[in-house]
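Hello,

Please find the structure below. My notes follow it, grouped by region.

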Amino acid sequence: MRRSVVGVMVVAVLGLILAACAGESVVPTAQVIEVEKIITVEVPVEREVVREVPVEREVVREVEVERIVEVEKIVTVEVVTEVEVVTEKIVTVEVEKVVQVEKVLIATPTPPPTGQPRFGGTLRVVSQASIASIDPVNTPFYVTIAVAEQMYEAPFGWDAALTDQPRMVDSWSLSPDRLTYTFSLRDGLTFHNGKTVTAADIQQSLDRWLGGASSMAILWREFVTEEPVTVLDDKTFTINVHSPFTAVLRALARPHWAPFIMPAGIASTPVSEVVSEHVGSGPYKFNKWEQGHQIVLDRFAEYNPRSEPASHMVGESIAYIDRIIFLEIPDEETKIAGLQTGEWDVVDGAAFDFFKRLTADPEITVPLYKPGHRSAMNISPNNEPFGNESLIMTESNLLARQAVQATIDINAVMLALGDTDLWILCPALYYCGTPLETFAGEEKYNQANPTLGRQLLEQSDYAGETVTLFNPTDYGTITPTGVVLKQQMEEIGLDVNMPALDWATIVSNFGDTEQYHMFTDWFVHWCCESPISWPPRNGVPGRHPINEEGIELLSQFASAETFADKLELIDLIQVNMYEEVTTIFLGQWFSMYPHTSELKNFKVLSVPMYFNTWLERR
């Protein structure tokens, strides 16, 4: 007897998509290809036997963050027909493979209700301008801080009311003589390299920050003792001052040029040098930086959030988003077009020209930040006609500065910036609509008097030298201001050179003050909300004060014990700043952070924070 059993099966199952992330069940489609093979044989025929292959079931469980995916696999039932005969005859045998496709259900958790947090996704953020550094202690500029705040933490932070609250600190106390602050670190603080944060890291990081050019650090140096930070044990440290100083907690909390904490080995890098490693303890950790293109941050899975309710920078900070990519897109139109087509999710600080277009788009949300920002033109104290090598302002230097201040038509400058719904004229240097609002010295603000400006310039020693204005080509909320300022200064006889440079290049050249006389910029309320953070000294980073009267007023303000005392000093400080022309102060404006409606719980109270936000992808 000869027996032949032939089995052939070809199965193509298409369309099985595991939709766990989307929270949807999927029924797969299947294409069954039946193959017939006809074989002519001589076989003995006695009986017919049907043999079935047992069905195999397998359950696959895959555990991911916050979800379980259960999959029932497709199974195959093999039916083979055998024919046996006793007598010799020619028989055609068909061997058939039948594919049975079972309904496959992907078991996923029910999607969270709309408005509830969910994990996952990649957030793409277009930075305001090109980024030269992501060392937030060495570099004070917004584009650096906007990235660094996701990675680094400071001992304190601001809550939603912009008041100082513990962030890395668990508890603190002040000695009866008000000269020693004692801090204890909270449990569970871990750097991105896996090492525990200790008081020694705090000490080294604060020492680095204290040696820097931050206005707050300069002020601290006038109050702290020779040993400003003392380590008591792994979790306890003190800050020591020689006279009462009301700005200790404020400096440890404010987002701008804050004393961000790094491992001691990295923080030992001189503050004049940019750190080569980017290791913090925040909810997101550094992945890579392709300069000129993108910075990539990933969720720090080992981050241990606080237990208090989330409130801006403090409380329970949870990284729901898997990855944040900060992109550099120089062209403003391209930024907005990409947002509206879904290529990226957020445009940080979009140019004013797009306000109405974006608010009209139902798929885009446009939050504004108030009290906002103040546009400005900073003046170097180093170079004639506005300063000199001695850093002591002469009468001629002051006349040249006053000439520029008298000339500038701030309304025209702000109109060039954009939509009138986004800015106001405001002589209050510590922002209109805030507790420190005052109009003292307002007669010096927005004089728009080129005739007076020309007269003052003629009284100075200016002899037609070229003055260089640094104004970025790639910054939507700065670029337009420089064009108008240059034209207005040229009207009174100044020879102004404005080279075409992007923001990253300008920032990298700030240390070489011989290259420029002025630069356009803006301040923001969260960095400059009081004289402590925005003192009456020259506005150029890293330079020495040129206004001794203003510095004395600042020290009095920092030591004042009551708010009433501080208010009395505010008038004097503001008048001094207008008279000495430390900076040309322009309009107050409100930045916008347009984003896709899929980004949830995104609020801008100071620097945009991307922890406690999440994506609801459609």
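**Helix 8 and helix 10**

In helix 8, L399, A400, Q402, A403, A406 and T407 meet P450, L452, G453, L456, L457 and Q459 of helix 10. Contact here means heavy atoms within 4.5 Å. Helices (H or I, at least four residues) and strands (E, at least two) are DSSP runs, numbered from the N terminus. By class, the contact of helix 8 with helix 10 has 8 nonpolar, 4 polar and no charged residues. Ala, Val, Leu, Ile, Met, Phe, Trp, Tyr, Cys and Pro count as nonpolar; Asp, Glu, Lys and Arg count as charged; the others, Gly among them, count as polar.

Angles under 35 degrees count as roughly parallel, over 145 as roughly antiparallel, 65 to 115 as roughly perpendicular and the rest as oblique. Axes are lines fitted to C-alpha atoms, for helices over the stretch in contact, and angles run from 0 to 180 degrees between N-to-C directions.

**What you are looking at**

This is a predicted model: local features need pLDDT of at least 70, side-chain atom pairs count only at pLDDT 80 or more, and totals for chains, interfaces and linings use all residues. Residues are numbered from 1 along each chain as its sequence is written, and side-chain values use heavy atoms, with hydrogens and water left out.

**Helix 13 and helix 14**

Helix 13 (residues 548-559) packs on helix 14 (residues 563-580) at an angle of about 165 degrees, with the axes 10 Å apart. Helix 13 and helix 14 are therefore roughly antiparallel. Helix 13 supplies E549, G550, L553, Q556 and F557 to the contact, and helix 14 supplies K566, L569, I570, L572, I573 and N576. These residues divide into 6 nonpolar, 3 polar and 2 charged.

Strands of a sheet pair through backbone hydrogen bonds, either parallel or antiparallel. Two strands pair if DSSP finds at least two bridges between them.

Strand 13 is joined to strand 14 (residues 180-185) by 5 bridges, and the two run antiparallel. S173 stands opposite T182 in strand 14.

**Strand 27**

Which residues of strand 27 point which way? M518, T520, W522 and V524 point one way, F519, D521 and F523 the other, and all are buried. Buried means under 20% relative accessible area, exposed over 50%, and partly exposed in between (1.4 Å probe, protein chains only). Strand 27 (residues 518-524) is mostly covered, with 7 of its 7 residues buried.

Strand 22 (residues 373-379) pairs with strand 27 in the antiparallel sense over 7 bridges. M377 has T520 as its bridge partner in strand 27. Strand 24 (residues 466-472) pairs with strand 27 in the parallel sense over 2 bridges. Here L469 stands opposite M518 of strand 27.

**Backbone points to check by eye**

Most residues other than glycine have a negative phi, and most peptide bonds are trans. The peptide bond from K370 to P371 is cis, with omega near 10 degrees. P371 is in the loop between strand 21 (364-365) and strand 22. The bond from E384 to P385 is cis, again with omega near 10 degrees. P385 is in the loop between strand 22 and helix 8 (395-407).

W257 has a positive phi, near 50 degrees. W257 sits in the loop between helix 4 (248-253) and helix 5 (264-267), and is buried at 10% relative accessible area. N446 has a positive phi of about 50 degrees although it is not a glycine. N446 lies in the loop between strand 23 (423-424) and helix 10 (450-459), and counts as partly exposed at 24% relative accessibility.

**One last residue**

T596 is in strand 29 (residues 595-596). T596 is buried, with a relative accessible area of 9%. T596 touches L339, D345, E363 and I364, not counting residues up to four places away in sequence.

Best wishes
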